[in-house]
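Below are my notes on the model, as numbered points. Please read them with the structure open.

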Amino acid sequence: MYLYNSASHKKELFVPNNPDIVKMYTCGPTVYHYAHIGNLRSYIMEDILEKYLRYTGYNVKRVMNITDVGHLTSDADEGEDKMLKGAKREHKSVMEIAKFYTDAFFSDAGKLNIKTPDVVEPATNCIDEYIKIISKLMDTGYAYFAGGNVYFDTSKLDRYYVFNDFNAEDLAEGVREGVEADENKRNKNDFVLWFTKSKFEDQALKWDSPWGVGYPGWHIECSGISMKHLGEDLDIHCGGIDNAFPHHTNEIAQSEAYLGHKWCNWWMHVLHLNTNSGKMSKSKGEFLTVSLLEEKGYDPLAYRLFCLQSHYRKSLVFSWENLDNAQVTYNKLIAKIATLKPEDGEIDQAAVEALKAKFCTALDNDLNTSLAVTALYDVLKYKTNDATKLFVLDDFDRVLSLSLLEKAAAKREELKKQAVSADSFSIVSESGESDPEVEAKIQARQEAKKAKNYAEADRIRNELKEQGIELTDIPHGATWKRI
Ligand code: AMP
Ligand code: ZN
């Protein structure tokens with residue numbers, strides 16, 4: 001499998017350090033609010049990566065943090081603590097907020113068929129890990145104490161900007177409008193490892209440390225949690241593109257300074273979901289959540305399909321119109337699968353291998369999910385029996401996770417019930433389209449059959465066939481498709 005590595009700026013053949021297990025780390029949510037569907041795009045694509053690795057035979061140990069302390073409103077350690085902001089907004093304690101939004105995150109992720117990582121670790125559980133790392137960084141001169149906080153000294157590194165060759169002056173601007181510069185920093189990009197003094201004395205959660213009572217910075221969390229569960233090396237680290245700088249850059253700085261060797265081999269960054277007015281955010285405009293999609297009548301899995309139709313290294317524009325299209329595509333796909341008959345034939349191994357090869361070629365090429373979705377249509381068109389088609393679709397869905405067979409079975413049941421309850425004759429197009437002229441002819445054929453005028457019924461069937469329409473009789477109805 002070839003996977004793009006943000007650290008080398010190229011696609012590289014993926015080889016884990018240890019062939020028996022892939023060690024994967026994902027930056028988790030900051031649980032001060034609901035995740036927006038932009039955040040969830042990143043988690044969907046990371047889910048695809050994990051599932052495809054498993055699909056190809058790897059064991060994977062995947063770890064994710066839950067940020068419940070230390071993430072300030074600016075990623076460069078300025079501004080208010082996001083958790084405290086959430087607690088004030090809702091007149092609750094920080095821990096109540098963390099619990100509520102952690103649960104909400106996993107509920108939303110579940111609706112999108114995102115698997116929960118093997119280890120999910122709240123940042124507040126690992127204070128000792130951070131203290132151990134920071135103590136060594138202090139001892140070896142990579143960290144310094146100033147104005148009550150412990151900072152990482154970025155000037156001690158030969159190469160700080162690992163993901164790009166930005167002009168240091170352009171990027172060094174951690175300070176945003178309306179946020180004052182931190183006078184204690186020796187270098188602009190130095191970052192806080194441990195706070196004892198922040199501008200906000202009402203910081204809710206604090207712990208004792210060799211540098212005073214305080215709390216960890218956001219970046220140290222991911223290094224500490226990763227090392228606690230995955231040891232001194234890591235195969236793949238993922239996150240949204242905004243995490244590349246400063247968050248991941250700082251993670252690498254502190255981890256490698258602490259370990260004295262290379263830490264992580266692959267960096268996977270998912271580009272943003274944007275709206276027409278720019279980057280999606282929790283504070284601006286309509287706050288797009290999974291619940292909002294549901295309220296508007298969308299299936300969350302139509303959003304998953306929408307994400308899979310584009311490549312994770314391209315930014316994606318969200319609009320209701322785009323989501324409508326994805327929902328229609330999803331419905332048609334399910335309707336087509338619903339017409340396949342599970343009992344039709346034995347599994348045809350040659351067909352399975354041929355179809356799988358195409359699917360894997362797509363995903364082996366830096367997770368080309370849009371081609372992997374196309375491979376679903378190849379299955380539907382392939383000259384083989386329905387049992388084989390269903391088997392392969394189910395197999396691909398181990399990675400794509402669109403609940404294809406489950407939804408198709410529900411659709412089949414729904415059609416059956418409709419037909420029986422109305423004691424009527426249901427006419428269903430396999431593509432989901434409607435065509436009054438075709439439907440009228442099928443109805444006329446049904447009338448002819450009822451009147452035992454089989455010659456007329458056959459004539460109508462042939463007439464439809466000449467028009468390129470193929471009929472299949474089902475209990476209490478008929479399905480049709482264009483051939
Ligand atoms: P946060 O909860 O803010 O720490 O972000 C959770 C994850 O979502 C991180 O991996 C971010 O990089 C990612 N993320 C944030 N905004 C977007 C967006 N608009 N599109 C895709 N991913 C995003
Ligand atoms: Zn992180």
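1. Donors here are N, O and S atoms within 2.8 Å of the metal (3.2 Å for Na, K and Ca); water is not among the atoms, so sites may look incomplete. On that basis the zinc ion (ligand 2) is coordinated by Cys 27 (SG), Cys 222 (SG) and His 247 (NE2), at 2.0 to 2.1 Å. The sequence spacing of these donor residues is C-x194-C-x24-H. Cys 27 sits in the loop between strand S3 (22-26) and helix H1 (37-55), and His 247 in helix H7 (residues 244-259), so the pair ties together parts that are 220 residues apart in sequence. Helices (H or I, at least four residues) and strands (E, at least two) are DSSP runs, numbered from the N terminus.

2. On the basis of the numbers: this is a predicted model, in which local features need pLDDT of at least 70 and side-chain atom pairs count only at pLDDT 80 or more, while totals for chains, interfaces and linings use all residues. Residues are numbered from 1 along each chain as its sequence is written, chains are lettered from A and ligands numbered from 1 in the order in which they are written, and side-chain values use heavy atoms, with hydrogens and water left out.

3. Cys 27 counts as buried at 7% relative accessibility, and His 247 counts as buried at 0%.

4. Ser 223 belongs to helix H6 (residues 218-230). Its relative accessible area is 0%, so Ser 223 is buried. Leaving aside residues up to four places away in sequence, Ser 223 touches Ile 133, Glu 251, Gln 254, Ser 255 and Trp 263 (contact means heavy atoms within 4.5 Å).

5. A nonpolar core is a set of buried Ala, Val, Leu, Ile, Met, Phe, Trp, Tyr and Cys residues joined through side-chain atoms within 4.5 Å. The largest has 87 residues, of which Leu 49, Ile 236, Tyr 303 and Leu 367 touch the most other members. H1 supplies the largest share of this core, 10 residues. Another core, apart from it, has 47 residues, including the zinc donor Cys 222.

6. The buried residues of H16 are Ala 457, Ile 460 and Leu 464. They pack against helix H15 (436-450) and strand S18 (469-474). The face turned away from the buried side of H16 carries the exposed residues Ala 455, Lys 465 and Glu 466. Just after H16, Gly 468 has a positive phi of about 90 degrees.

Note on methods. Buried means under 20% relative accessible area, exposed over 50%, partly exposed in between (1.4 Å probe, protein chains only).
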